[in-house]
Structures are given as structure tokens and as C-alpha cells.
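Please open the model in a viewer and keep the selection tool at hand. The stops below concern charged side-chain pairs and backbone geometry.

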Amino acid sequence: MGTSPGCGPLIPPLSDTARPLRQQIFERVRAAGQTARASLARDLAVSPASVTTLTSELIEAGLLEEIATPREADSGRGRPAVALGVRAGAHLVAGIKLSDREHTAVVVDFAGNRLAGEAIPRQPGPMTLPELLDAADALLTRVCASAGIARDALTAVGLGVPGFVDAASGTVHWSPVITERHLPLVPHLTDHLGLPVHVDNDANLVTLAELWFGAGRTLSDFAVVTIEHGLGMGFVLNHRLYRGARGIGMELGHTKVQMDGALCRCGQRGCLEAYVADYALVREAQTALNLPNRDTLAVGALLESLYDHAKAGNAAARSIFHRAGRYLALGLANVVNLFDPGLIILSGDRMRYDYLYAQETLSEMGAMMLDTGRPAPRIEIHAWGDLLWAHGAAALALQEVTEAALDAARAVP
């Protein structure tokens, strides 16, 4: 993902008046990429004098800058028009995603432009806390070197892991990539990296990536369902990520679809993930197709073998994908019946397996939705690539850094 014209939610004028005007101005400038003071005054329905005062404060604080832009039908005479833009170098942040098979990272500037990206493959399996800290440290060093910056040039780091994460406290209650449970990860990372760290789960990071850089920028409400090594979900409500009262809301993969059903990697039974995720498909395939033992062949290779069998017409392989697709349809129908989003984005590497979202899957989802006489929500398949989660982690860091920077600017007399 390269430089884009602005980043962050594109919120309609006059629809978000509860937040401080200074914050609305800054975020509107960053979302637009660049904009004129007159446009800000018009969109926010405030006086030009108020906009001039507040933007002057933001410029003095080093958060915004004036940009000379050519006038329409510019004849080369007279002074150029002046727009406002985010001072990209005001803050740099890193986004890191630690996963079962690959660690990824990006560095982005304050305007959301990516300066560097790195990916490091790893052997699957949970990490101890020291191993996790070393992995984050090595990846951060590598991506900063790629960006040509020193680590102390960063203002903050966003980091994501799969599992149950309380973003407010920085605690990871459970993750398939960490051996410990109820781990207060943020203090350990902050101390080890020497930088402020913000943590969230990977499904929320994908959702933040869509909200800040992707299809969700213009939407007030949408859902993202991720299908990878597990099944996750993030939800945006009124242009903001929804996390729930305990910080672990939207765990779609761990909603129960069958009492005393299949064993989930979280330790409980009957979770939706236990019928749709990688390990669920492999578990079925090893029995139905007599595939090699999972201990002797990587999960990815086993999935590819299963998919090849399905494409070749093997009835058992097709039935495994069809069963997973039906359970996915059930989960998506529940999302629609609960939240009625205008868009559901299906994301993740498993979107390559079209049997999971074939037309019959979507038809079954429609049959399980409440009949209102209105069209079903739009379903889109997004495959961003390896750095998707890292961009979401960077958005998490940008969000926190922005709030702190605006608070500091407000405190200046």
C-alpha cells in the first residue's frame, strides 16, 4: 500500500459534533489529504475566524502545515492558493503483527504514508514472553533500518496478536501465539522496546486498516470477518471501532454454534471457529482423505492438498469445504440479524478458497436472515496481502498518538 490522498475516516459534515472542534479540524484535514480553511469552515458550520485561530494553533504545535496549491486555470500570475495538510514528519509510528507463521511490520508517518514494510517467516507454535519480546524487538529494528530511521525517531508502536485482547489495559487473556494467559503485555513491551506500545487483537487491526486506509473510510457502520488460522471479527459503529464493555467484544469465532460440539483451540467446544478455521478443515481432512499426519506436514500444505482434491472433484473434500461454508453462512447471518451492517468485508488468506464463500454459501446466509423485504448487506472479498494487519496496528498507534498530540496542543497557552 503506497502513499494515498489522506487517511482516516471520511466523516460527513455536521455528523460528529460531540468531539472538540480542534480534533474535528485536524482529522478532517488528514482524511482529505489537504483542504482549504474556507472548506473547513463550511463543512463544520463554524466561522472562518474560529478555523483560522485553531488551525494557527495546530500549525504552531507542528501538527499541520500550509501547502501551496495551483489555482484553477492558473495563468502563472498572482499568489498561489494555500491549503492545509498534516505535517507528515511530526510523528512516525510502527505497526507490528505477530502471528503463527509470519511476523510483519510497517513504519508510517503522521499523514499515514508508508515508509517501509517487512515480513519475517517463523515456525508455528506459541511463544514464551521472552521469545515474543525478542521477536518484536528484532522486527522493529529491521523495519526501522528499512525506513532509514533510528528507533528513537518513533513516537509509538501498535502491535497486534490473535486472541482475546483487552486493548484498554493492554492485557492478552489468551492467544494461540503466546504460552501465558492473562498476560499484561503492554508494560513488558514498553519496557523492552523503550517506546509507548498499544495492543489489540488482529481482527480489530484488519478493521482499523479498512477504516483508515480502505473501503470503510466512507462508511459509518460495517463489519470485517477474517478467516485465517482462526475466525475473527471487527465492527465499526458510527465511524469508530467497537470493542465492548470488557474490551473483547465481537469474538464471532467463539460464538457457539453447537452445544458440546467440536473442540476449539480456545479450549471450549462448539465455537464457530472450530468448524471454519484452518485447523478445523485440516482435522476433517485428515480423517476423510487419509492425509499425512499434521505433525509431519505444515497446515498450509495440508490445506493446499485438500483444496486440490476439491478442485479435482473429490466428493469428500468438497463436502468439507461445503460444511465449513454452511457454518460461515450461519455466522454471517447472525451478524446481520444482530447488527444489520451495510457492508460485510471478508478478509484473510483463506479467501482464496472460493468454496468458503461460493454462491450457495451466500444464499444460505440470506435464507437465515430476517426477511425485511430489503436487500441483504453487501459482501466484499478483500485480499490486501501480508502487511494488512501491520497497517491496522499502525492505525492504532496513529490514533493514540493523535489524541495525545491534540491534548498537548490544547494545553499550550
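Select Glu118 first: with a relative accessible area of 16%, Glu118 is buried. The model is a predicted one. Arg142 belongs to helix H4 (residues 129-147) and Glu118 to strand E6 (residues 114-121), so the pair links parts 24 residues apart in sequence. Arg142 itself is partly exposed, at a relative accessible area of 40%.

Proceed to Arg323 and Glu284, a salt bridge in which the closest N and O atoms are 3.3 Å apart. Here the pair ties helix H10 (residues 315-339), which holds Arg323, to helix H8 (residues 278-288), which holds Glu284; these parts are 39 residues apart in sequence. Arg323 is partly exposed at 33%, and Glu284 is partly exposed at 34%.

Next, select Arg19, Glu27 and Arg240, which salt bridges with shared partners join into one network. Within this group, the side chains of Glu27 and Arg19 meet at 2.4 Å, N to O. Arg19 is buried, with a relative accessible area of 16%, whereas Glu27 is partly exposed at 22%. The whole structure contains 14 salt bridges.

Finally, turn to the backbone. Most residues other than glycine have a negative phi. Select His239, in the loop between strands E13 (231-237) and E14 (240-242): its phi is positive, about 65°, and the residue is buried at 4% relative accessible area. Then select His182, in the loop between strands E9 (171-174) and E10 (183-184). His182 also has a positive phi, about 50°, but is exposed at 55%.

Terms used:
Residues numbered from 1 in each chain as written. Predicted model: local features only at pLDDT ≥ 70, side-chain atom pairs only at ≥ 80, totals over all residues. Heavy atoms only, no water. Helix = DSSP H or I, 4+ residues; strand = E, 2+ residues; numbered from the N terminus. Buried < 20%, exposed > 50% of the residue type's maximum accessible area, 1.4 Å probe, protein only. Salt bridge = Lys/Arg side-chain N within 4 Å of Asp/Glu carboxyl O.
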